[in-house]
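Please keep the sequence and the structure in view while reading.

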Amino acid sequence: MARILVVEDEPNFRQILVIKLEQLGHEVLEAQNGRMATKMAAHLRPALVLTDLVMPEKEGLELIQDIRRGNPKLPIVAMSGGGRTGPANNLKTALTLGANKILLKPFSDEELKQAIAELLPPAAPEANP
């Protein structure tokens with residue numbers, strides 16, 4: 001399937017996302033914050049980034065801007081459940097800055113699968129010899 005970069009500062013939630021994505025057949029890269037994710041996105045070339053918005057060191061909104069400057073076509077899913085201005089405002093801002101999809105935490109497995117399916121091309125069937 002695809003290489004997905006998960007950016008989430010909360011370790012338990014990040015691990016749940018990793019497990020769910022691996023069960024769907026994806027290769028998963030993990031970052032604890034936007035600073036780490038900026039470097040990983042540039043060097044490891046994920047097919048999609050799934051990022052929290054409220055994090056230490058570099059927030060998701062800054063990460064979205066950094067990714068858009070370096071790779072304007074990389075699909076980004078922003079997720080949030082809080083923040084100073086509330087998750088709805090953060091998510092609207094994420095769309096304005098270039099996120100392709102948004103997910104309000106907590107979200108269902110189906111919502112996660114649908115967001116990924118809408119942004120990633122279907123895997124090419126393997127050729128039979």
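How many aromatic pairs does a search of the whole structure find? The search finds one. This is a predicted model, in which local features need pLDDT of at least 70 and side-chain atom pairs count only at pLDDT 80 or more, while totals for chains, interfaces and linings use all residues. Residues are numbered from 1 along each chain as its sequence is written, and side-chain values use heavy atoms, without hydrogens and water.

**Aromatic pair**
- The ring centres of Phe13 and Phe107 are 5.9 Å apart and the planes stand at 80 degrees, so the pair is edge-to-face (centres within 6.5 Å, planes over 60 degrees apart).
- Phe13 belongs to helix α1 (residues 11-23) and Phe107 to the loop between β5 (101-104) and α5 (109-119), so the pair ties together parts 94 residues apart in sequence.
- Phe107 is buried, at a relative accessible area of 12% (buried means under 20%, with a 1.4 Å probe and protein chains only).

**Largest pocket**
- The largest pocket holds about 210 Å³ of space.
- Among its 11 lining residues, Met1, His26, Ile116, Ala117 and Leu120 are the closest to the centre.
- The lining of the largest pocket comprises nine nonpolar residues, one polar and one charged.

**Second largest pocket**
- The second largest pocket holds about 180 Å³ of space.
- Its lining includes Thr38, Arg45, Asp66 and Asn71.
- Helices α2 (34-44) and α3 (60-70) each give two or more residues to this lining.
- By class, the lining of the second largest pocket has five nonpolar, three polar and two charged residues.

**Terms for the pockets**
- A pocket is an open set of points on a 1 Å grid over the protein atoms alone, where a 1.4 Å probe fits, with protein on both sides within 12 Å along at least five of seven lines; lining residues have an atom within 4 Å of a point.

Conventions: Grid points are joined across faces, edges and corners, and a volume is the space filled by probe spheres set on the points. Ala, Val, Leu, Ile, Met, Phe, Trp, Tyr, Cys and Pro count as nonpolar, Asp, Glu, Lys and Arg as charged, and the others, Gly among them, as polar. Helices (H or I, at least four residues) and strands (E, at least two) are DSSP runs, numbered from the N terminus. Rings of Phe, Tyr and Trp (its six-membered ring) pair if their centres lie within 6.5 Å; planes under 30 degrees apart count as stacked, over 60 as edge-to-face and the rest as tilted. Buried means under 20% relative accessible area, exposed over 50%, partly exposed in between (1.4 Å probe, protein chains only).
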